[in-house]
Amino acid sequence: MKHKKIQKKFLLYIDGDLSETEKLLIDQHLDECAECKRHFEELANIWNEERILESPLPSPALWYDLKDRMEKEAEKSNPFRAIVGNAKLLLNSVITVGVVVIAIFIGSRFGNLLSPQNASQNVTYAQSENSRDEFGMSYFDAVPPNSIAKDIFITGLDKGGIQK
Amino acid sequence: MEETQIIEHLKNGDGFIYKYVYDQYARMVYSVCSRMTSSKEEAEDAVQDVFIRVFDSINSFREDSKLSTWIYQISVNICINKTRRKKVISFLSLDFWEEEKGEKEMAVENITPGDDLEKSELQKIVQDAINTLPAKQKTAVILSRYEELSYKEISKIMGVSLSSVESLLFRAKENLAKKLIRYKEIFQ
């Protein structure tokens with residue numbers, strides 16, 4: 001226990017941070033204890049040698065990295081660029097909303113053609129040959145016989161649709 | 001150039017002054033950052049952060065201390081925050097326990113038996129020991145031992161009293177002595 005207490009004061013001793021009384025106590029202990037003396041010498045060697053080693057130096061390219069980063073940050077904080085950036089963001093949002101609206105319109109317009117409720121209504125419009133073409137009857141003629149779409153359409157016809 | 005002139009040019013945003021300030025203080029800032037962080041990349045990143053903060057917030061510098069003291073203050077704060085953030089991230093990513101184990105093993109592995117230690121090994125042993133200290137003790141040791149600053153300057157940089165600096169250095173050196181002796185014992 002005493003050894004550990006003495007040993008932990010070694011760096012303070014080497015750096016001259018201890019009082020005269022404390023120094024004397026350590027000196028006395030080192031005279032009596034070979035193990036602690038060996039530790040002290042090794043520690044003094046490491047501690048003093050390491051202190052005089054040169055400080056690490058920054059890489060020569062560091063200034064250019066810093067300059068580059070400063071320029072980028074200055075660009076970001078430029079008010080003109082900020083306005084252009086916001087305008088781009090607004091334009092992107094408008095385009096996205098527009099595409100969604102068009103998709104909904106197309107879906108609702110052409111999706112109605114295939115719904116069973118509207119099939120019979122559509123048939124009333126399809127009473128002339130012209131309207132037959134208008135609603136793409138020729139397309140339905142080409143639909144395979146077991147297709148659901150054709151079933152729906154034919155069901156509509158059976159309820160008083162087109163009569164040739 | 002006088003310090004007051006440097007500050008004035010910085011406040012005016014004169015283009016030429018940035019390189020001048022960098023040339024004057026880069027070694028000092030890098031010396032602190034490289035010792036307070038754990039890798040070269042992290043240190044260089046911290047140096048960039050320091051100079052950007054210095055240039056951006058020069059108007060908040062009250063000029064009640066030397067410019068170098070203020071730059072030291074910024075360097076220390078940035079490095080402490082970086083280290084803290086890194087610890088939190090590594091803890092959250094569950095690499096924490098492996099890294100802790102790895103660091104201890106690395107520190108011990110780099111000590112070679114006998115007294116003829118290479119310079120880089122010597123630096124590594126002491127740096128590894130310093131890196132294990134609590135943040136405040138570590139900062140006080142780096143500023144005192146490597147930057148050779150007075151207790152008064154250290155107290156200004158760290159925002160603590162003179163007696164706190166003395167106490168931090170005292171405890172830091174006790175801890176370092178224990179760690180360094182333990183490292184040596186392992187290989188004898």
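The exercises below are about a predicted model, and each one comes with a worked solution.

**Exercise 1. Describe the make-up of chain A: how many helices and strands does chain A have, and what share of its residues is buried?**

Step 1. Begin with the elements: chain A has 10 helices and 0 strands. Read from the N terminus, the order is α-α-α-α-α-α-α-α-α-α.

Step 2. Turn to burial. Of the 164 residues in chain A, 27% are buried.

Step 3. Finish with the contacts in chain A that have a separation of 6 or more: 56% of them join residues 24 or more positions apart.

**Exercise 2. Work out how helix 1 and helix 2 of chain B are arranged: at what angle do they pack, and what is the hand of their crossing?**

Step 1. Take the geometry. Helix 1 of chain B covers residues 3-12, and its axis lies 9 Å from that of helix 2 of chain B, at an angle of about 135°.

Step 2. Classify the angle. A value over 145 degrees would count as roughly antiparallel and one from 65 to 115 as roughly perpendicular, so helix 1 of chain B is oblique to helix 2 of chain B.

Step 3. List who takes part. Helix 1 of chain B brings Glu3(B), Ile6(B), His9(B) and Leu10(B), while helix 2 of chain B brings residues including Phe16(B), Ile17(B) and Tyr20(B). By type, this contact between helix 1 and helix 2 of chain B has 8 nonpolar residues, 1 polar and 1 charged.

**Exercise 3. Do the analysis again for helix 2 and helix 3 of chain B, then follow Phe51(B): is Phe51(B) buried or exposed?**

Step 1. Helix 2 (residues 16-36) and helix 3 (residues 40-56) of chain B pack at about 135°, and their axes are 9 Å apart. Helix 2 of chain B and helix 3 of chain B are therefore oblique to each other.

Step 2. The crossing of helix 2 of chain B with helix 3 of chain B is right-handed. The residues of this contact between helix 2 and helix 3 of chain B comprise 14 nonpolar, 1 polar and 2 charged.

Step 3. Now locate Phe51(B), which sits in helix 3 of chain B. Its relative accessibility is 0%, so Phe51(B) counts as buried.

Step 4. Look at what surrounds Phe51(B). Leaving out residues up to four places away in sequence, Phe51(B) touches Val21(B), Tyr22(B), Tyr25(B), Ala26(B) and Val29(B), along with Leu66(A). Ala26(B) is 25 residues from Phe51(B) in sequence, with 8.6 Å between their C-alpha atoms.

**Exercise 4. Examine the backbone at Glu63(B) and Glu148(B): what is phi at Glu63(B), and what is phi at Glu148(B)?**

Step 1. Recall the background: most residues other than glycine have a negative phi.

Step 2. Read the values. Phi is near 60° at Glu63(B), a positive value, and near 50° at Glu148(B), also positive.

Step 3. Place the residues. Glu63(B) is in the loop between helix 3 and helix 4 (67-92) of chain B, and Glu148(B) is in the loop between helix 7 (135-146) and helix 8 (151-158) of chain B.

Step 4. Glu63(B) has 40% relative accessibility and so counts as partly exposed. Glu148(B), at 64%, counts as exposed.

Technical notes
Residues are numbered from 1 along each chain as its sequence is written. Chains are lettered from A and ligands numbered from 1 in the order in which they are written. This is a predicted model: local features need pLDDT of at least 70, side-chain atom pairs count only at pLDDT 80 or more; totals for chains, interfaces and linings use all residues. Side-chain values use heavy atoms; hydrogens and water are left out. Axes are lines fitted to C-alpha atoms, for helices over the stretch in contact, and angles run from 0 to 180 degrees between N-to-C directions. Helices (H or I, at least four residues) and strands (E, at least two) are DSSP runs, numbered from the N terminus. Angles under 35 degrees count as roughly parallel, over 145 as roughly antiparallel, 65 to 115 as roughly perpendicular and the rest as oblique. A crossing is left-handed if the near helix is turned anticlockwise from the far one by less than a right angle, and right-handed if clockwise. Ala, Val, Leu, Ile, Met, Phe, Trp, Tyr, Cys and Pro count as nonpolar, Asp, Glu, Lys and Arg as charged, and the others, Gly among them, as polar. Buried means under 20% relative accessible area, exposed over 50%, partly exposed in between (1.4 Å probe, protein chains only). Contact means heavy atoms within 4.5 Å.
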